[in-house]
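Visitor: I have a model to look at. Can you walk me through it?

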Amino acid sequence: MKENKFLAIYNDLLLQIRKGIFQPNDKLPSEHELSQQYETSRETIRKALNLLSEHGYIQKIKGKGSIVLDVGKYDFPVSGLVSFKELAQKMKKRVRTIVHELQVVKPDDYIRKYLDVTAKDEVWKVVRSREIEGEKIILDKDFLHRKFVPLLTHEICENSIYEYLENELKLKISFAKKEMFVDKITDEDRKYLDVDGYEHIVVVQNYVYLEDASLFQFTESRHRLDKFRFVDFARRTH
């Protein structure tokens with residue numbers, strides 16, 4: 001029952017944070033006040049607060065208590081391999097994909113550096129911005145080897161490329177290597193994103209492989225700083 005109790009308190013406090021009852025930088029009631037409010041022990045309250053802290057919703061500061069962090073960010077899976085459409089369905093937010101560019105190109109030095117192609121190959125170049133709750137906050141630049149993806153349409157790119165690749169082309173997408181860094185805002189970012197005065201952007205580069213280990217896609221996702229939160233789980237092995 002104790003475990004159920006602290007999880008129930010965690011979920012209740014989380015709901016209040018998400019609804020804006022507790023705003024960013026607000027201080028939560030003290031452990032003593034919460035234990036009285038929920039009619040439970042301070043140990044149970046501490047467990048609930050620790051869970052909120054671990055998941056990035058509060059910061060416990062010695063001498064000040066539990067401060068609510070800004071949760072107006074979206075969890076983008078950096079270690080997972082999930083399409084934007086799948087992510088949007090889980091977020092349950094108003095989203096839209098805007099296709100700015102869709103064309104077949106001959107790979108230049110930049111593309112050849114990141115994708116296993118030669119100058120003679122052809123590559124699909126897809127540039128899309130992702131709008132969440134009316135703000136364009138992600139710019140996705142996809143390069144796909146035409147040997148594996150002979151056809152792409154505007155409609156497919158607006159909906160889900162991965163859904164098309166797996167359901168229509170029957171490609172088995174297996175794994176990805178990812179790199180993440182902070183870059184300066186470019187003119188292209190300003191053109192396609194609501195940069196909101198920011199001068200830097202979070203870049204996640206994806207090298208995506210098929211089941212037979214063929215590298216068929218390189219993607220550069222450029223995320224607005226204030227709307228990006230890296231979420232991962234790591235366990236130390238012994």
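Guide: Strands here are DSSP E runs of at least two residues, helices are H or I runs of at least four, and both are numbered from the N terminus. This is a predicted model, in which local features need pLDDT of at least 70, side-chain atom pairs count only at pLDDT 80 or more, and totals for chains, interfaces and linings use all residues. Residues are numbered from 1 along each chain as its sequence is written, and side-chain values use heavy atoms, without hydrogens and water.

Visitor: How many bridges join strand 7 to strand 8?

Guide: There are 11, and the two strands run antiparallel. Two strands count as paired if DSSP finds at least two bridges between them.

Visitor: And what order do the strands of the open sheet take?

Guide: The order is 4-5-6-9-8-7, with antiparallel pairing.

Visitor: Which strands stand at the edges?

Guide: Strand 4 (95-105) and strand 7 (173-184) do; each has a single partner strand, so one side of each lacks a neighbour in the sheet.

Visitor: Different topic. Which residue is the bridge partner of Ile-61 in strand 2?

Guide: That is Gly-65. Strand 1 (residues 58-61) pairs with strand 2 (residues 65-68) over 4 bridges, in the antiparallel sense. Their hairpin has 3 residues between the strands, and Gly-63 takes a positive phi near 85° there.

Visitor: What share of the protein is buried?

Guide: 43% of the 238 residues, where buried means under 20% relative accessible area, exposed over 50% and partly exposed in between (1.4 Å probe, protein chains only).
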